[in-house]
Amino acid sequence: MLVDSHCHLDFPDFADDLAGIVARAEASGVGRIVTISTRVRKLPDLLAIAERFPNVYCSVGTHPHHADEEDGITTDELVKLAQHPKVVAFGEAGLDYFYEMGSRPAQERGFRAHIAAARQTGLPLVIHTREADADCGKILEDEMGKGAFRAVLHCYTGGRDLAMQAIDLGLMISFTGILTFKKSQALRDLAAELPADRIMVETDSPYLAPGKYRGKRNEPSYVVETAKVMAEVRGVSLDEIARQTTENFFRLFGKVPAPAAA
Ligand SMILES: [Zn+2]
Ligand SMILES: [Zn+2]
């Protein structure tokens, strides 16, 4: 079994084909899907999807792109919204200095509020970090000093230093179809090097279709393409990568029920 730990099923790209997408994922061995929140105020849309499909769960949070729009979201609000049985994580929150659509101070405020919610509840935080390695590392160190929390650096494209810093702080690192792109050798080297108990896979669909489907709409069933490359670079079987990344997922996303042992 594989897990797509990060996608966006509420995006319009999927609207006309949601049941087909979930069915194809299940047929491809993707046993759990987490659809990730980008705006707290859109949570009802995510919940409608998560409630419709037994194997789909969701998060709640504000993407750094929307940090100004949802500046002032409090930790208490996040914690309260996460009481819903289908809400299993916070985020995605963090820092995006590549697009910088949200102002940096608002991104940081949002990031820290989400970390506090993760700390308070024990639920994981899904962290988005792009072109912000130094500041992300600084905030993680600072916040971890205030009390432990659980998190994953999703769609990892940062440098080795931030990855190793995150590993030292107990975080997971998750990879998308970017791992399959020709130009991504440095990322593959990193994926080969990380400890086996810290790696996860995801699609971040509808974006980032893996090499084989480049230019098309991505979807959760394609997570296997990232897992295949991960297996190749680590010199293990696809079965082993599926087992390991799925085990890691259930350890981090403790609120998602694991299937009974097969
Ligand atoms: Zn992201
Ligand atoms: Zn995302």
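This report walks through the metal sites, the aromatic contacts and the nonpolar cores of the structure above.

The model is predicted, so local features need pLDDT of at least 70 and side-chain atom pairs count only at pLDDT 80 or more, while totals for chains, interfaces and linings use all residues. Residues are numbered from 1 along each chain as its sequence is written, chains are lettered from A and ligands numbered from 1 in the order in which they are written, and side-chain values use heavy atoms, with hydrogens and water left out.

**The zinc sites**

Let us start with the metals. Donors here are N, O and S atoms within 2.8 Å of the metal (3.2 Å for Na, K and Ca), and sites may look incomplete because water is not among the atoms.

| Ion | Protein donors | Distance | Spacing in sequence |
|---|---|---|---|
| Zinc ion (ligand 1) | Glu92 (OE), His128 (ND1), His154 (NE2) | 2.0 to 2.1 Å | E-x35-H-x25-H |
| Zinc ion (ligand 2) | His6 (NE2), His8 (NE2), Glu92 (OE), Asp204 (OD) | 2.1 to 2.3 Å | H-x1-H-x83-E-x111-D |

Helices (H or I, at least four residues) and strands (E, at least two) are DSSP runs, numbered from the N terminus.

Around the zinc ion (ligand 2), the 4 donor atoms subtend angles of 87 to 178°, which makes the arrangement irregular.

**Aromatic contacts**

Turning to the rings, the structure holds 5 aromatic pairs. Rings of Phe, Tyr and Trp (its six-membered ring) pair if their centres lie within 6.5 Å; planes under 30 degrees apart count as stacked, over 60 as edge-to-face and the rest as tilted. Phe11 and Tyr207 have ring centres 5.8 Å apart and planes at 70°, so they are edge-to-face. Phe11 belongs to the loop between strand 1 and helix 1, and Tyr207 to the loop between strand 8 and helix 8, so the pair ties together parts 196 residues apart in sequence. Phe11 is buried at 14%, whereas Tyr207 is partly exposed at 43%. Tyr213 and Tyr222 are stacked, with centres 3.6 Å apart and planes at 0°, and both are buried. Phe249, Phe250 and Phe253 form one aromatic cluster.

**The nonpolar cores**

A nonpolar core is a set of buried Ala, Val, Leu, Ile, Met, Phe, Trp, Tyr and Cys residues joined through side-chain atoms within 4.5 Å. In the largest one, which has 71 residues, Leu9, Leu153 and Phe175 touch the most other members. Helix 8 (residues 223-234) gives the most to this core, with 6 residues. A second, separate core of 15 residues includes Val3, Val34, Ile36 and Tyr57.

Key. Buried means under 20% relative accessible area, exposed over 50%, partly exposed in between (1.4 Å probe, protein chains only). Four donors count as tetrahedral if all angles lie between 85 and 135 degrees; four count as square planar and six as octahedral if opposite donors are over 155 degrees apart and all others between 65 and 115; anything else is irregular.
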